[in-house]
Amino acid sequence: MAAAAAIAAAKGNGGGGGRAGAGDASGTRKKKGPGPLATAYLVIYNVVMTAGWLVIAVGLVRAYLAKGSYHSLYYSIEKPLKFFQTGALLEILHCAIGIVPSSVVLTSFQVMSRVFLIWAVTHSVKEVQSEDSVLLFVIAWTITEIIRYSFYTFSLLNHLPYLIKWARYTLFIVLYPMGVSGELLTIYAALPFVRQAGLYSISLPNKYNFSFDYHAFLILIMISYIPIFPQLYFHMIHQRRKILSHTEEHKKFE
């Protein structure tokens, strides 16, 4: 979710295609990049993902212009949103096979948290799809991912425009709280419908002697945002100062 995306923005070890950043965080330590074939694949992957999120952005704008309202715009981009967000699962594979030097565990958490929100909340609870909160996190995700995948692409090509780097480490100041707010409000809106339908819950007695309350699980997820959000947010602010100040110092010596 947004907390997961925040971790991605805060990290600086990667070759493009993992959730962590693309190798320019501190300038103090360089890691060996992927080989030529892996680099070519990662460039193609990141270009496709950039294009995919651009399709989502254009779809939102076109739907808004056609309807004259921002309400229920989710339905206009539902399919590409599910496709490209689910496509991010490949990033776990990238880490697992070593073409992106990021943590498999961390990347899995980051990717799966968004996939969870898309499929286990928004897709599964149809009643929340018309909520404005869904549009809130979709817009935040869309802008974030267009910038992120563009950042990876240009980094892999060793030609990273300062504007993209600046945007990656600056726009989160607004996009992260925006995304978190949309995610929390969407989960909150889903709670009564989850409880009423008993969605994904397992009650006793059963032959496995196991119970699971999906309603309570969603509440725990919401509570987890309380310690995570401020810690990550201020860490990202610190990273922004370090990364952009290093870039400015480097420019002075060129």
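The legends below describe several close-up views of a predicted model.

In this predicted model, local features need pLDDT of at least 70 and side-chain atom pairs count only at pLDDT 80 or more, while totals for chains, interfaces and linings use all residues. Residues are numbered from 1 along each chain as its sequence is written, and side-chain values use heavy atoms, with hydrogens and water left out.

**View 1. Overall make-up of the protein.** The protein has nine helices and zero strands, where helices (H or I, at least four residues) and strands (E, at least two) are DSSP runs numbered from the N terminus. Read from the N terminus on, the elements run α-α-α-α-α-α-α-α-α. Of the 254 residues in the protein, 48% are buried, a term that stands for under 20% relative accessible area, with exposed meaning over 50% and partly exposed lying in between (1.4 Å probe, protein chains only).

**View 2. Segments annotated as transmembrane region.** An unreviewed UniProt entry lists residues 38-65, 86-109, 169-194 and 214-234 under "transmembrane region"; the UniProt positions are given in the numbering used here, feature names are shortened, and annotations may be inferred rather than shown by experiment. Over residues 38-65 the chain is 100% helix and 0% strand, with the end C-alpha atoms 40 Å apart. Over residues 86-109, the chain is 62% helix and 0% strand, and the end C-alpha atoms are 13 Å apart.

View 3. The axes of helix H3 (residues 74-87) and helix H5 (residues 104-123) come within 10 Å and cross at roughly 140°, which makes H3 oblique to H5. Here axes are lines fitted to C-alpha atoms, for helices over the stretch in contact, and angles run from 0 to 180 degrees between N-to-C directions; angles under 35 degrees count as roughly parallel, over 145 as roughly antiparallel, 65 to 115 as roughly perpendicular and the rest as oblique. The crossing of H3 and H5 is left-handed, meaning that the near helix is turned anticlockwise from the far one by less than a right angle, whereas clockwise would be right-handed. The axes of H2 and helix H6 (residues 132-156) come within 8 Å and cross at roughly 150°, so that H2 is roughly antiparallel to H6. The crossing of H2 and H6 is left-handed.

View 4. Leu37 lies in helix H2 (residues 36-67) and is exposed, with a relative accessible area of 76%. Although Leu37 and Ile99 are 62 residues apart in sequence, their C-alpha atoms are 9.9 Å apart in space.

View 5. A search of the whole structure finds 19 aromatic pairs, in which rings of Phe, Tyr and Trp (its six-membered ring) pair if their centres lie within 6.5 Å, with planes under 30 degrees apart counted as stacked, over 60 as edge-to-face and the rest as tilted. One of these pairs, Phe172 and Tyr233, is edge-to-face, at 6.1 Å centre to centre and with 75° between the planes. Phe172 lies in helix H8 (residues 172-197) and Tyr233 in helix H9 (residues 214-252), so this pair ties together parts that are 61 residues apart in sequence. Phe172 and Tyr233 are both buried. The rings of Tyr176 and Tyr233 have centres 5.9 Å apart and planes at 35°, so that pair is tilted. Because Tyr176 lies in helix H8 and Tyr233 in helix H9, the pair ties together parts that are 57 residues apart in sequence; Tyr176 and Tyr233 are both buried.

**View 6. An aromatic cluster and two arginines over rings.** Ring pairs link Tyr41, Tyr45, Tyr149, Phe151, Tyr152 and Tyr169 into a cluster. Arg148 lies over the face of Tyr149, 4.3 Å from the ring centre, and the charged end of Arg168 sits over the ring of Tyr169, 5.5 Å from its centre. A charge sits over a ring if NZ of Lys or CZ of Arg is within 6 Å of the ring centre and within 35 degrees of the ring normal.

**View 7. Backbone features in two loops.** A cis peptide bond, with omega about 0°, joins Leu204 and Pro205, and Pro205 is placed in the loop between H8 and H9. Asn209 lies in the loop between H8 and H9 and has a positive phi of about 55° although it is not a glycine; at 65% relative accessibility, Asn209 counts as exposed. Asn158, in the loop between H6 and helix H7 (162-168), has a phi near 55°, a positive value in a residue other than glycine. Asn158 is exposed, with a relative accessible area of 71%.
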